[in-house]
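Subject: Structure for you to look at

Dear colleague,

I am passing on the structure we spoke about, and my notes on it follow below. Please read them with the structure open beside you.

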Amino acid sequence: MASFVLEILRLVPSTSSLLSLYASLSTSLMLLRNAYHEFIPQKLESFVSTKIKNYFSRNKNQPSYDTFIIDNSWEGLSRNKLLDIARFYLSSRIGPKNKIIRIGKFRGEKSFTAGLVKGERIVDVFEGVEVSWFFGDREMENGGGEFFEISFEDKYRQKVYYEYLNHVINTHKAMTEEEKILKLYSRTGRHWESIDFEHAATFDSLAMDYELKKAIMDDLDRFLGRRDYYRRIGKAWKRGYLLYGPPGTGKSSLIAAMANYLHYDIYDLELASIRSDSDLRQAMLNVDRKSIIVIEDLDCNSKVHDRSNSDDSNSDDSNAYASNFTLSSLLNCVDGLWSSCAEERIVVFTTNHRQVLDPALLRPGRMDMHIHMSYCTSQGFRILASNYLDIKDHHLFEEIDGLIQNMDVTPASIAEELMKSDDADTALEGVLNFLKLKKKDKDKIEEEKEADLC
Ligand SMILES: Nc1ncnc2c1ncn2[C@@H]1O[C@H](COP(=O)(O)OP(=O)(O)OP(=O)(O)O)[C@@H](O)[C@H]1O
């Protein structure tokens with residue numbers, strides 16, 4: 001027995017040999033760790049450790065999550081529309097769990113609007129799948145700024161990608177179409193900003209001849225119903241109108257009537273605010289579908305004046321009118337290659353003096369329809385009387401008709417007279433006196449001219 005114990009003791013390593021084994025083992029481990037950090041890139045290292053963590057967390061029945069990011073860091077000119085869609089969609093998903101929310105009440109809206117605050121999270125449930133949204137803001141680098149993060153269990157990746165995101169887009173579409181309040185956009189800096197557009201003008205209230213009015217409405221109807229036609233003939237689905245005529249003949253009113261008729265938003269593009277060709281392209285590309293882009297008072301923009309009457313015609317670059325943008329760039333956005341990047345929209349140019357515009361803008365095919373906004377006619381006057389006084393006939397109509405036909409008076413000035421009284425007799429007397437005064441002035445000028453000739 002004693003010899004057996006002695007044998008066992010001999011086999012057990014001594015304390016010193018155990019210590020030296022421990023020392024060599026820990027040295028090897030340290031060397032291994034240093035080599036791992038030195039030769040394995042950090043990205044690969046974190047990938048491996050995430051995978052290991054995921055593996056163990058799965059084994060502990062803890063789900064792993066995937067994340068989609070919606071931001072504006074994409075290369076290119078146009079804004080990521082999913083940002084706006086997400087913001088709008090989430091405003092309808094804000095619930096009691098959100099401790100801090102933004103609230104506001106805006107023109108045209110019956111109740112409050114709620115919005116997410118940056119740094120807040122919101123959980124949406126889609127067909128039993130929990131989707132967590134985070135609204136954040138990065139430094140403004142690479143057009144970054146605001147962003148959304150959508151996180152969900154990785155096993156629902158396909159569902160979120162193919163079904164949930166479409167659900168978000170479709171819900172946004174249905175919400176905006178259902179309670180669509182038209183918007184009037186203008187540019188501040190490099191961005192479009194909007195306010196609610198509540199102009200009451202309609203084709204019914206427009207004082208212009210019936211035939212012209214009908215021709216415009218028919219043209220718009222044809223445009224709306226011709227999506228496939230435009231595809232077939234290989235043209236972008238858009239339409240251009242040039243409205244020309246003296247101030248106060250209703251050019252802006254016609255644009256408002258068109259927007260109300262089509263239910264399109266208006267984008268008011270001031271050429272004076274455009275800084276370069278790329279700025280112009282960016283402005284045009286960031287216009288949504290179902291919109292009217294309005295470029296008013298073209299004659300006030302030196303860049304679009306008739307080149308044949310301009311000193312610039314002798315310059316090296318005959319297209320460059322000023323330091324900001326070129327006419328060719330404008331034309332390109334209207335009906336060139338750039339115009340085909342956006343569809344279902346209408347471009348309206350207005351001018352008080354068509355004759356000073358560059359012929360390139362006026363050549364056939366450039367603008368689909370040239371609409372002359374004329375001085376007030378008898379038909380126009382009847383419409384104004386019906387709008388302002390709610391009357392279809394009056395004993396003064398004939399005398400007023402006789403004067404209006406031979407004079408250059410704008411619908412705006414007749415409208416101003418009609419607004420002076422709610423009483424039809426008084427208001428029409430006012431119109432008559434105004435016209436008689438105008439006629440007197442006109443006769444005097446003609447007499448003076450004749451005298452000069454003699
Ligand atoms: N054809 C019209 N039908 C009905 N109202 C009109 C018409 N023309 C002018 N008015 C009235 O006159 C006001 C001014 O008209 P509007 O601004 O549409 O004219 P405009 O041609 O766009 O003028 P400008 O060239 O100065 O911008 C309108 O608010 C409207 O009340």
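The crossing of α12 and α14 is right-handed, meaning that the near helix is turned clockwise from the far one by less than a right angle; helices here are DSSP runs of H or I with at least four residues, numbered from the N terminus. Please bear in mind that this is a predicted model, in which local features need pLDDT of at least 70 and side-chain atom pairs count only at pLDDT 80 or more, while totals for chains, interfaces and linings use all residues. Residues are numbered from 1 along each chain as its sequence is written.

Helix α12 (residues 378-389) packs against α14 at an angle of about 35°, with the axes 10 Å apart (axes are lines fitted to C-alpha atoms over the stretch in contact, and angles run from 0 to 180 degrees between N-to-C directions). In this contact, Gly 380, Phe 381, Leu 384, Ala 385, Tyr 388 and Leu 389 of α12 meet Pro 411, Ile 414, Ala 415 and Leu 418 of α14, where contact requires C-beta atoms, placed from the backbone, within 7 Å.

The axes of α9 (residues 277-285) and α10 (residues 327-335) come within 10 Å and cross at roughly 20°, which makes α9 roughly parallel to α10, a term for angles under 35 degrees. The crossing of α9 and α10 is also right-handed, and Asp 277, Leu 280, Arg 281 and Met 284 in α9 meet Ser 329, Leu 330 and Cys 333 in α10.

Best wishes

How values were computed
Helices (H or I, at least four residues) and strands (E, at least two) are DSSP runs, numbered from the N terminus. Angles under 35 degrees count as roughly parallel, over 145 as roughly antiparallel, 65 to 115 as roughly perpendicular and the rest as oblique. Two residues are in contact if their C-beta atoms, placed from the backbone, lie within 7 Å.
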